[in-house]
Amino acid sequence: IVRTSPMISSRRVLGVNAWQDMFIAVRDLLGGRSQTAEKAFATLEAEMLQELQQIALSRKCQAVIGVQVQFGEISGGGKGQMFYAAAQGTPVLMEQVARPSN
């Protein structure tokens with residue numbers, strides 16, 4: 001690592017529609033994994049990581065290290081469900097290291 005840039009972050013909020021919310025509520029009662037919620041989290045994570053990459057490139061950096069991703073739920077008071085996610089990391093410029101020749 002030759003240079004670091006100040007920490008960057010990305011945030012997203014994703015609302016689920018009434019059908020998705022109903023399926024999440026049923027899964028919550030029955031227990032087990034909710035594919036609906038997992039897909040929502042996967043979408044949020046992919047978007048944020050892509051944004052971190054774009055910000056790093058705009059700062060002339062090649063990678064983002066120390067990435068942390070956090071997820072949560074914003075209660076809709078029975079009127080729907082929203083998920084939030086935040087990601088942060090440190091952009092870095094790296095120096096290419098020559099491989100030893102055999």
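Leaving aside neighbours within four places in sequence, which residues is Ser10 in contact with? The views below, drawn from a predicted model, begin with that residue; local features require pLDDT of at least 70 and side-chain atom pairs pLDDT 80 or more, whereas totals for chains, interfaces and linings use all residues. Residues are numbered from 1 along each chain as its sequence is written, and side-chain values use heavy atoms, with hydrogens and water left out.

View 1. Beyond its neighbours within four places in sequence, Ser10 is in contact (heavy atoms within 4.5 Å) with Met48, Glu51, Leu52, Ala85, Ala86 and Ala87. Its relative accessibility is 1%, so Ser10 counts as buried (under 20% relative accessible area; exposed is over 50% and partly exposed in between, with a 1.4 Å probe and protein chains only). The side chains of Ser10 and Glu51 form a polar contact at 2.4 Å, a term for a pair of N or O atoms within 3.5 Å, of which, within protein, one must be able to donate a hydrogen and the other to accept it; residues adjacent in sequence count only if both atoms are side-chain atoms.

**View 2. The largest nonpolar core.** Nine residues make up this core: Ile8, Ala37, Ala40, Leu44, Met48, Leu52, Phe83, Ala85 and Ala87. A nonpolar core is a set of buried Ala, Val, Leu, Ile, Met, Phe, Trp, Tyr and Cys residues joined through side-chain atoms within 4.5 Å. Helix 2 and strand 4 (81-93) each supply at least two of its residues, and helix 2 gives the most, with five.

**View 3. The aromatic pair Phe41 and Phe71.** One aromatic pair is found in a search of the whole structure. The ring centres of Phe41 and Phe71 lie 4.8 Å apart with the planes at 70°, so the pair is edge-to-face (rings of Phe, Tyr and Trp, the last by its six-membered ring, pair if their centres lie within 6.5 Å; planes under 30 degrees apart are stacked, over 60 edge-to-face and the rest tilted). Because Phe41 belongs to helix 2 (residues 35-58) and Phe71 to strand 3 (residues 63-75), the pair ties together parts 30 residues apart in sequence. Phe41 is partly exposed at 24% relative accessibility, as is Phe71 at 35%.

**View 4. The chain as a whole, with two helices and four strands.** Along the sequence the pattern is β-β-α-α-β-β, where helices (H or I, at least four residues) and strands (E, at least two) are DSSP runs numbered from the N terminus. Of the 102 residues, 22% are buried.
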